Amino acid sequence: MTSMTTSQPPTPFVSARGISKSFGGVPALVNVSIDLIPGEVHCLAGENGCGKSTLIKIISGAERPDSGEIVIDGVSHAQINAHAAIQGGIQVIYQDFSLFPNLTVAENIVLTAEVASGRRLYSPGSVLPKAKAILQELELDLDLDREVGDLSVADKQLTAICRALVNDARAIIMDEPTTALTHTEVSRLFALVERLRARGVALLFVSHKLEEVLAVSQRLTIMRSGRQVVSGPTSEFDQRSISRHMTGREVDESRVVSDLDLTAPLALEVSKLSLAGAYRDVSFGLHRGEILGVTGLLGSGRTEIAESLFGVTPADEGEIRVGGKLVPIRTIQDAVTARIGYVPEDRLSQGLFLEKSIADNIVAASLESHRTRWGTLSRAGIATTIKQYFVGLKINAPNAQAPVRTLSGGNAQRVVLAKWLATAPTVLMLNGPTVGVDIGSKEEILELLRVEAAKGMSVIVISDDAPELVAACHRVLVIKQGRLTHTLEGDQITVDTIQERMSA
Amino acid sequence: MAALRRLRGSNNEGVLALVLLGLIVAMSIANPTFFTLNTGFSILRSAIVPVIFALGVLIVVITGGIDVSFAAIAIFAGYATVSFCLNAGFDPGLPGIFAIAIGVGASLGFVNGIVIAQFSLPTLIVTLGTQGVFFGAMYTYVGASYYAELPGSMAALATSNLLDVTTSSGRAYLHLLVVPVLLLCLLVAWVLKRTMFGRSLYAMGGDLEAARRAGFQVKRTQVSVYMLVGALAAIAGVIHIVLSRSANPRDLVGGELDIIAAVVLGGASIFGGRGSVVGTVLGVLLVQVIKNSLLLVGVPSAWLRTAVGVLLVLGVGIQAIAARRDSRRMRVIEDLDSAQQHEQKVGS
């Protein structure tokens, strides 16, 4: 190996060597080593709970390793603290960006650098030019005077990247940077990543989206259950081998849809539904047992349509028929009575009681059905329901009493699903059912939906994740600027056509 | 449009100023005795102590916390200082008196800060608890008796006026103490806008975890904030004793609602991250004018607390509704933006 290399291997800017860490006796990382090389994108891939976040925290100084060393610029440290990491030029862009929503873009970009430089006074006049300079350098267009809380997710991310660079970041770690971005925004981000690379920044990109991993990185490390499974140049991998390394088994992402009985009456019929400022004139039907995809860019109206069907923001005009009967849906209660269920986009804040147990969450929406004639609750009935879904949905937790907060994304999503399945809905709408869920759980969640659909439930999946729509949906509706522009069926449903129709 | 927005102010200070102005005009029309120099000066005088309190509350509220122990700290610090001077039989002069009181107030604030920062406890509960502790400690260890006589330097300050104007309805006095209060306002405004400490308060109020990650010394800042509130409260406490020309340990506590209502009305967000000195001062003046004018039009004083309570709920309610409306408007704007981008793409 030594004699084979023709050129000197590039010196890494940051290396983590032989890092191990355990929490309360449970190993989170076992002897993991990773190099961040200037001008290179290193992808760290793995399922939820594989130890990616712990590794990032150790490199950025938020956690201390039990053993191992961190080498920055050739200097070895047994451990570093957050301040030293920032001083050393390591910046983390967290999934939530860690921005200040109440401050302006300019302040957000500059403030941390001012803190790091140990200033005591703050001059608004000198802040603006600094922020402007970085925007120009990255050829970005952001309104510096706007408050960050008013920005779109993509612009918030750009702000966070600018902030990292103002701090003279030489290594930028991005934790799941694409989760909340649409297709076009992701390509814009990748273009920016190229520019950062040209500046000689070392990037660590944490992701579990395989396409992205392949598109953006030069080097790849895959982790599974706290261990480094494999590391190497990205060119040596393909989607199949990555997902095999991530899950430890073959994962099938291919299209599996059942045959539909098209003569059966429609479970849901929507005609000429409109809501001012959100969507117009939307009509479609949903068969019994059908999985219908609804896609579109962020802000296209796809979420608003679902929210209207669930009575969150009722439609201004139009008719909704459930099982052939006209149902006016003005409130969430109306929708629940009509047996429509909705799993919202932001499941952590809207779909779950985080501090409550898995068991409580599972029965939260279906308590009414366990009412005895004395007006009390049937404990036996509740226990059966909990057991049925806890086991049936393979929720991975020591027991059903564990608080939902402790669960990983995939498991939390299963609890939300269980909650709505327990209400036995005729129509179940899921908004971004696998956002933030790793590939193994994603496949299992889609399979769950297929099974429920086969039993006669009608499912609407709202998503901009084209592979997921292809894998599970009988038909896909494309929403653009509040209008239903395309209905894709059968062979038309491919990743390419969906993405093309969405953004064209 | 931009000029109009600037006039409105980032925390609706402009709107508040208009409301205040409108109220003054309306009151003056309804009752001509309202629009006199006497009333104006007496409202300013009555606002001296609340403004200092409100500055302290503003600082805590910006960080996303709340302090309800400030009144207890104020009377503790002020009363203990007077009691010490009278019992020891010596008058350290005004600087000495303020220094002792500020030391006591900052120490009590330090207790709040340490408990809140070290154990990450909810600020309302902690300060509600310490309010009782401080008050009880004062009764037990300092005393509960009423002092009708003050140390000489304080008594002298009580009768010092900045302006002394003879009007048709008698003499109108503007108390000298409005000057230090004004300076204090300018100082706090400068700290909030032009120091990293001030900016870190807004940052912490915006997102505490993000502030920690950005390298702000969150715990140290929290402790400083509560010490600062304690110090401000102590100043207010001494001034209150000076203005009332007696030291009554039963004073001040119970009036916290007025101050918090004024700060919230002044545009400071109870959720943290927003607020300005200008807004706060306007908020205090508004509350004082309303209380004064209600008395003038003959509303029984028992209803004053009701009025202030209603104001507090209104203030918070308006904030919440405005925030909700903004988020909805944003969605429509984003829709428009994407529609425009789309059209440009189609056009090209």
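In the predicted model, a salt bridge links B:Arg274 to A:Glu147, with 2.7 Å between the closest N and O atoms. Two salt bridges in total are counted between chain B and chain A, and seven residue pairs, both members at pLDDT 80 or more, are in polar contact across the two chains. On the side of chain B that touches chain A, the elements that give two or more residues are helix 8 (178–194), helix 9 (196–206), helix 10 (208–213) and helix 14 (302–347) of chain B. The residues of this side comprise 12 nonpolar, six polar and nine charged.

The contact as a whole draws 33 residues from chain A and 27 residues from chain B, and about 2500 Å² is buried between the two chains, of which 54% lies on carbon and sulfur atoms. Of the area that chain B buries against chain A, 25% is supplied by B:Met196, B:Arg199 and B:Arg213, more than by any other three residues.

Within chain B, the axes of helix 8 and helix 9 come within 5 Å and cross at roughly 70 degrees; because angles of 65 to 115 degrees count as roughly perpendicular, helix 8 of chain B and helix 9 of chain B are therefore assigned to that class. In this packing, B:Val191, B:Leu192, B:Lys193 and B:Arg194 of helix 8 meet B:Met196, B:Phe197, B:Gly198, B:Arg199, B:Leu201 and B:Tyr202 of helix 9, and the residues of the contact divide into six nonpolar, one polar and three charged.

Technical notes: Residues numbered from 1 in each chain as written. Chains lettered and ligands numbered in written order. Predicted model: local features only at pLDDT ≥ 70, side-chain atom pairs only at ≥ 80, totals over all residues. Heavy atoms only, no water. Contact = heavy atoms within 4.5 Å. Buried area = accessible area lost by both parts, 1.4 Å probe. Salt bridge = Lys/Arg side-chain N within 4 Å of Asp/Glu carboxyl O. Polar contact = N/O pair within 3.5 Å; in protein donor to acceptor, adjacent residues only side chain to side chain. Helix = DSSP H or I, 4+ residues; strand = E, 2+ residues; numbered from the N terminus. Nonpolar A, V, L, I, M, F, W, Y, C, P; charged D, E, K, R; others polar. Axes fitted to C-alpha atoms, helices over the stretch in contact; angles between N-to-C directions. Parallel < 35°, antiparallel > 145°, perpendicular 65-115°, else oblique.
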